[in-house]
Amino acid sequence: MLGFTSRASSRRGLYSRLTGGSVQSIGSHPLSQTSKMGKKSRVKTQKSGTGATAAVSPKEMMNLISELLQKCSSAAPSPGKEWEEYVQIRALVEKIRKKQKGVSVSFEGTREDFFSELMAWAAECGASCDCFEISNFADEGYGLKAARDIKAEELFLWIPRKMLMTVESAKNSVLGPLYSQDRILQAMGNVTLALHLLCERANPSSPWLPYIKTLPADYDTPLYFEEEEVCHLLATQAIQDVLSQYKNTARQYAYFYKVIHTHPNASKLPLKDAFTFDDYRWAVSSVMTRQNQIPTADGSRVTLALIPLWDMCNHTNGLITTGYNLEDDRCECVALKDYKEGEQIYIFYGTRSNAEFVIHNGFFFEDNAHDRVKIKLGVSKSERLYAMKAEVLARAGIPASSVFALHCSEPPISAQLLAFLRVFCMTEEELRDYLVGDHAINKIFTLGNAEFPVSWENEIKLWTFLETRAALLLKTYKTTSEEDRSMLEKPDLSLHSRTAIKLRLAEKEILERAVSCGRAKRLHFQKQMNEGAPLPLYEESDIALLENADAKLPIILRKLEEDDERVQEEMNLAQIKPDASCLDSAKTPVFNGQCKDLNGTQEDPPGGDTVGKESKVEKQDPSTIRTEGESKDGDK
């Protein structure tokens with residue numbers, strides 16, 4: 001299952017020509033199958049006796065909610081105290097969940113019971129339903145199976161706008177009056193979609209019930225992890241995002257619980273009798289794993305949407321093959337490759353790391369060609385050569401301090417990181433050569449190309465630095481790779497624990513490869529220098545090589561793509577801005593990625609209690625240590 005979010009841009013020609021960028025949210029984990037959904041059975045009051053607690057007074061519940069909101073809105077904990085805060089918030093949430101047991105909107109039956117209803121509804125709405133059927137694919141869960149042979153790049157799936165749940169449909173629903181008054185909803189389309197989903201689930205006459213009844217009853221995102229399962233992520237780079245995700249979800253829930261029970265414009269919402277933390281966690285996960293950006297009907301801007309049926313597709317490596325056709329006003333998907341009758345149809349979610357898959361989708365992708373770990377590097381402002389290094393980097397379009405990535409592929413570093421490390425390790429004479437020397441402007445183009453070393457000494461220094469830094473990062477983990485592999489062999493390991501340990505191991509394997517590569521490169525260039533090998537010199541005629549698409553490392557003269565990997569800020573109320581490129585064509589690509597995480601933004605809501613602002617806490621590990629004694633204000 002997936003969700004995709006898009007950076008809508010113009011699309012001409014075949015969908016298969018499109019490529020995706022790094023992402024922040026994506027599809028759900030396909031293993032979440034054991035849903036209890038079916039005919040609507042709304043429970044308006046809590047039951048007493050077995051399986052439920054005694055009735056809780058509204059005042060008692062509101063006191064607990066206020067306590068949770070206050071705890072989640074307090075100042076960010078000091079470094080090293082994030083886990084302690086998480087445990088405290090979780091304890092409050094568990095107390096609330098216990099008192100809310102037995103109160104929710106639910107469906108009887110399983111997801112599978114309603115797939116035929118979903119397909120019938122889709123056909124009635126004008127969607128394509130002849131080329132595939134919904135099927136269970138064991139470990140991958142439910143997905144789409146080819147009902148006939150499908151050729152690569154063949155249009156096999158389209159979903160008309162009338163089937164989509166969007167921010168616009170939310171504004172035109174029972175949620176509209178509250179949306180018009182609440183700044184959080186107005187600025188956070190993903191939160192709007194979550195509440196829209198809950199309101200429609202509670203509405204027996206909702207046109208989206210055939211879709212809603214086929215959504216998983218729960219998910220495998222970290223929001224559903226037990227505390228001991230989250231512990232397996234403690235040493236990983238994902239832990240900060242996981243803890244923030246839980247805190248943000250708890251804060252949003254507490255805030256909207258108060259709004260729903262006190263705001264005049266919320267009086268008609270069908271949520272007062274049943275708005276539990278579990279309800280909100282489910283809606284959050286449903287949206288987080290499925291949300292996408294599509295153009296509005298007039299094509300003037302983008303909006304967030306849930307796309308029924310299409311979101312059943314599972315992920316594989318490849319290219320983006322989904323787009324939005326404004327002329328026909330529908331989402332369209334072409335086949336990633338040839339599919340034989342009976343084979344599962346996959347789509348590509350985008351160039352996401354496994355940390356992003358685990359955090360936002362709840363699954364670990366074994367064959368992830370785009371897996372990576374983050375590394376923060378910067379030139380110290382107190383360094384004597386800072387101004388010269390910063391200028392050379394600026395000419396190459398690279399910040400003097402940024403988040404880079406170590407990749408699972410060879411080479412493990414991008415052209416951007418290679419360029420940064422070369423400049424970082426330059427002597428004053430080398431810097432001057434790249435600033436005012438012969439062909440200085442053109443030589444900037446060579447910084448990211450492996451064919452043109454600055455000097456043998458420079459190459460030795462940069463690969464030594466990378467080897468050392470990766471080795472330091474490995475030492476921050478509490479377990480070794482061998483210990484992780486042994487743990488994964490235990491048959492009684494829970495799915496969530498297994499996912500967390502796989503992620504932890506994958507990070508280590510990337511770092512181990514970086515260490516190995518750094519060592520090999522260091523020895524190679526040491527040999528070149530010892531043997532007096534001639535240094536490849538850049539000539540103006542070599543510009544053709546640099547522009548060659550087949551060059552080993554592309555020349556990058558743009559903002560780092562790794563900027564997209566930054567940990568999302570809490571409840572950022574920035575409005576979704578229109579992407580001008582989506583106006584260039586009647587057919588706009590729908591990328592399976594690029595939406596903000598549902599729980600990644602923050603601001604104070606209007607009046608009364610506040611959803612507290614929180615700054616990102618920087619962990620003091622080797623990935624964040626500033627190089628050469630960089631001062632704190634060197635952080636980007």
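Leu309 lies in the loop between β8 (302-306) and β9 (314-315). The model is predicted, and in it Leu309 has a phi near 70°, a positive value in a residue other than glycine. Most residues other than glycine have a negative phi, and most peptide bonds are trans. The points below cover backbone geometry, cysteines, a lysine contact and a helix pair.

**Backbone geometry**

- Leu309 is buried, with a relative accessible area of 0%.
- Glu153 also has a positive phi, of about 70°, although Glu153 is not a glycine.
- The location of Glu153 is the loop between β4 (142-146) and β5 (155-160).
- Glu410 and Pro411 are joined by a cis peptide bond, with omega at about -5°.
- Pro411 belongs to the loop between β14 (401-407) and α14 (415-424).

**Cysteines**

- A disulfide is a covalent bond between the sulfur atoms of two cysteines.
- The count of disulfides in this model is zero, the rule being that the two sulfur atoms must be within 2.5 Å.
- For Cys331, the closest cysteine sulfur is that of Cys333, at 7.1 Å, which is too far for a bond.
- Cys333 is in no disulfide either, and its nearest cysteine sulfur, in Cys313, is 5.7 Å away.
- Cys331 counts as buried, at 1% relative accessibility.
- Cys333 counts as buried too, at 0% relative accessibility.

**A buried lysine**

- Lys389 is part of helix α13 (residues 386-395).
- The relative accessible area of Lys389 is 2%, so this residue is buried; the class applies to values under 20%.
- A polar atom of the Lys389 side chain lies 2.6 Å from the backbone oxygen of Phe424.

**Helices α17 and α19**

- Two packed helices are described by the angle between their axes and the distance between the axes.
- The axes of helix α17 (residues 456-474) and helix α19 (residues 495-530) come within 8 Å of each other and cross at roughly 155°.
- This angle makes α17 roughly antiparallel to α19, because angles over 145 degrees fall in that class.
- The crossing of α17 and α19 is left-handed.
- Where α17 meets α19, the contact residues comprise 13 nonpolar, four polar and eight charged ones.

Notes:
Residues are numbered from 1 along each chain as its sequence is written. This is a predicted model: local features need pLDDT of at least 70, side-chain atom pairs count only at pLDDT 80 or more; totals for chains, interfaces and linings use all residues. Side-chain values use heavy atoms; hydrogens and water are left out. Buried means under 20% relative accessible area, exposed over 50%, partly exposed in between (1.4 Å probe, protein chains only). Helices (H or I, at least four residues) and strands (E, at least two) are DSSP runs, numbered from the N terminus. A polar contact is a pair of N or O atoms within 3.5 Å; within protein, one must be able to donate a hydrogen and the other to accept it, and residues adjacent in sequence count only if both atoms are side-chain atoms. Axes are lines fitted to C-alpha atoms, for helices over the stretch in contact, and angles run from 0 to 180 degrees between N-to-C directions. Angles under 35 degrees count as roughly parallel, over 145 as roughly antiparallel, 65 to 115 as roughly perpendicular and the rest as oblique. A crossing is left-handed if the near helix is turned anticlockwise from the far one by less than a right angle, and right-handed if clockwise. Ala, Val, Leu, Ile, Met, Phe, Trp, Tyr, Cys and Pro count as nonpolar, Asp, Glu, Lys and Arg as charged, and the others, Gly among them, as polar.
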